[in-house]
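Thanks for coming. I have one structure to go through today, and I will keep it short.

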Amino acid sequence: MTGGASADRVAVIGAGTMGHGIAQVAAVAGCRVELVDTAVQRVQASLEHIRANLDEGVARGKVTAAARDAALSNINGITDIAAAVHDADVVIEAVPEQMQLKVDVLARVAAAAPPDAFLASNTSGLSISEMQRALPDPDRIVGLHFFNPVHIMALVEVVHGQDTSDEVLDAAVAFARRLGKEPIVVKDSPGFASTRLGVALGLEAMRMLEEGVASAEDIDRAMELGYRHPMGPLRLSDLIGLDVRLDIARHMHAAFGGERFRPPAILERMVADGRLGRKSGAGFFAWND
């Protein structure tokens, strides 16, 4: 099995927000990256987004022009999964949070990737053990939960599925560190550590807004100023996407029952109305970018 610190060839499946963020940090770390999606236009848009992020880093003095150019030269956009993973050391799927979709993608990856590559799912709460039960060689499957925006957020949750081997777990931790991240190892449990805590806080903030306890701005300021959170739970929910928050809340509620993770009516209503947060231009706050 490949060592994470020396994983030079990385394939990222899914060129959405998380996928292109993971591709960017891997390329900056010196990995050769294949960024895969089914649509050429989506791949090209993600490559342009990566360039814009790196250009901003140069403008702010955080990235040198040479480092930007080297990172961009390390990334190749492609639409063929088999071609992208055939010589990969690490494959990370970053497709939408739907169990069957992730299993289907990982099955295609497992059939084409080298047997010594480790396969990771970037999921914020879906069961790694459930994925393992549906796939061959379950010992090489691990969770790598990155946070948005990937190039800024330091945390990566490394999720130990029921069948994940110690060797793969160690390789995944080493790989996260190579990318400049701070990994924590968590057991495969609904919501892991961060999502379980974050969803509970976000849903309670929504219930407080429903009850008229305070405005969205002041609820967020309570956590920003009182607890030094860099962003309040409602603005963070807008950034994540209220549809994503709703899907995760439903999953957590099905897993745990009770009222703690039951989606508030305000969240159900906003998603039904197409108010999804930043991606739609409006959520708990107005977004103009």
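The accessible surface of the protein chain comes to about 13200 Å², and carbon and sulfur atoms hold 52% of that. This is a predicted model, so please take every value I give as computed from it. Of the 289 residues, 48% count as buried.

On overall form: a compact globule of 289 residues would have a radius of gyration near 19 Å, and the protein chain has 19 Å, so the two agree. Along the principal axes, the C-alpha atoms fill a box of roughly 55 × 45 × 35 Å. If we take the contacts with a separation of 6 or more, residues 24 or more positions apart account for 67% of them. In secondary structure, the protein chain has 12 helices and eight strands. I will pick out two parts.

The first part is helix 1, residues 17–28. The helix has 12 residues and reaches 17 Å from its first C-alpha to its last, close to the 16 Å expected at 1.5 Å a residue. Why call helix 1 largely enclosed by the rest of the structure? Because 10 of its 12 residues are buried, with the cut-off for buried being under 20% relative accessible area. The buried ones run from Met18, Gly19, His20, Gly21 and Ile22 on to Ala23, Gln24, Val25, Ala26 and Ala27. What covers these residues? The cover includes helix 2 (40–59) and helix 3 (65–73), along with strand 1 (9–13), strand 2 (32–36), strand 3 (75–78) and strand 4 (90–93). Just after helix 1, glycine 30 takes a positive phi of about 95°.

Strand 5 has strand 4 as one partner: they run parallel and four bridges join them. In that pairing, glutamate 93 stands opposite serine 121. Between strand 4 and strand 5 the chain passes through helix 5 (residues 99–112), and this β-α-β crossover is right-handed.

Strand 5 also pairs with strand 6 (residues 141–145), in the parallel sense, over three bridges. There, leucine 119 has isoleucine 141 as its bridge partner. The chain gets from strand 5 to strand 6 through helix 6 (residues 128–133), and that β-α-β crossover is right-handed.

That is what I have; questions are welcome.

Notes:
Residues are numbered from 1 along each chain as its sequence is written. This is a predicted model: local features need pLDDT of at least 70, side-chain atom pairs count only at pLDDT 80 or more; totals for chains, interfaces and linings use all residues. Side-chain values use heavy atoms; hydrogens and water are left out. Helices (H or I, at least four residues) and strands (E, at least two) are DSSP runs, numbered from the N terminus. The expected span of a helix is 1.5 Å times one less than its number of residues. Buried means under 20% relative accessible area, exposed over 50%, partly exposed in between (1.4 Å probe, protein chains only). Contact means heavy atoms within 4.5 Å. Two strands pair if DSSP finds at least two bridges between them. A crossover is right-handed if, with the strands pointing away from the viewer, the path from the first strand over the helix to the second runs clockwise. The radius of gyration is taken over C-alpha atoms; the globule rule is 2.2 Å times the number of residues to the power 0.38. Accessible areas come from the Shrake-Rupley method with a 1.4 Å probe; for residues, only the protein chains shown count as cover.
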